[in-house]
Amino acid sequence: MVHQGRDIIQDSGTEAVELVYRPTRADVLQGIRVRERVRGVAPARWIFVVLFAGFAAFTALGGMDAAALTALSLLTAVLIGATPRIQANQVFRAVSWQGEYRVTVTDAGITVETGHTTLVQRWTLFRGYRETSEHVVLLSRDPGILVVEVEPKRGLRGEEDLDRLRTLLDRHVARV
């Protein structure tokens, strides 16, 4: 297969918006944070952090006999609080070695190309998007939002590209 699906996206008859960037940990972390907010799990995570930290404070009153339980409770609170950063580090290691990303957004969908892969995503994959000050984050339609597409605005050529990107996104997916 010579075209690898690229002709479907690039020959869609509309003007494409292109982004070129190298992903960073901050990009991935932003996508994870947006995903957490949309899914509503961020408050639950912080409730568990407070509960385990409170339990650690309570067990600290037990003196040296409870030192191990106190330390374990504090470690659990820290790990739960750091979960988004831990996830971002794992994802970043998986994507960073691919180098520069070239993303083409058209009426047919989104094509992501690196030196090693080409990924074609139809609009039907996405439930919507959320825009932050530095990113546009697309979220998949599945219940767990397993696919998160993070497009850093720094990859655009200018403000007019951002306006065209917003127009394409609004035409195909909802803001969430």
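This is a predicted model: local features need pLDDT of at least 70, side-chain atom pairs count only at pLDDT 80 or more; totals for chains, interfaces and linings use all residues.
**Strands**

I took helices (H or I, at least four residues) and strands (E, at least two) as DSSP runs numbered from the N terminus, and I counted two strands as paired if DSSP finds at least two bridges between them. Strand β3 (residues 109-113) runs antiparallel to strand β4 (residues 118-122), and five bridges join them; I noted Val120 in β4 as the bridge partner of Thr111.

I then followed an open sheet of four strands, which has the order β7-β6-β5-β8 and mixed pairing. β7 (148-152) and β8 (174-175) stand at its edges with a single partner strand each, so one side of each has no neighbour in the sheet. β6 and β7 are antiparallel and joined by five bridges, with Leu138 opposite Glu149 in β7.

**Core**

For the nonpolar core I used buried Ala, Val, Leu, Ile, Met, Phe, Trp, Tyr and Cys residues joined through side-chain atoms within 4.5 Å, where buried means under 20% relative accessible area, exposed over 50%, and partly exposed in between (1.4 Å probe, protein chains only). The largest such core has 19 residues, and those touching the most other members are Val103, Val105, Ile110, Trp123, Leu138, Leu165 and Leu169. At least two residues each are supplied by β1 (17-21), β2 (101-106), β3, β5 (126-131), β6 (135-140) and α6 (159-172), and the largest share, four residues, comes from α6.

I listed the contacts of Val105 (heavy atoms within 4.5 Å), and, leaving aside neighbours within four places in sequence, they include Val17, Leu19, Ile110, Trp123 and Leu165.

**Salt bridges**

Taking a salt bridge as a side-chain nitrogen of Lys or Arg within 4 Å of a carboxyl oxygen of Asp or Glu, I have a count of 14 salt bridges. In one of them, Arg157 meets Glu18 at 4.0 Å, N to O; Arg157 is in the loop between β7 and α6 and Glu18 in strand β1, 139 residues apart. Arg157 counts as exposed at 63% relative accessibility, whereas Glu18 counts as partly exposed at 38%.

I next looked up Arg171 and Asp107, whose side chains meet at 2.6 Å, N to O.

Within α6, Asp161 forms a salt bridge with Arg164, their closest N and O atoms being 2.6 Å apart; being three residues apart in the helix, Asp161 and Arg164 are separated by about one helical turn. Asp161 is buried at 4% relative accessible area, but Arg164 is partly exposed at 26%. I also noted a network of salt bridges that links Glu131, Lys153, Glu159, Asp163, Arg166, Asp170 and Arg175.

Terms used
Residues are numbered from 1 along each chain as its sequence is written. Side-chain values use heavy atoms; hydrogens and water are left out.
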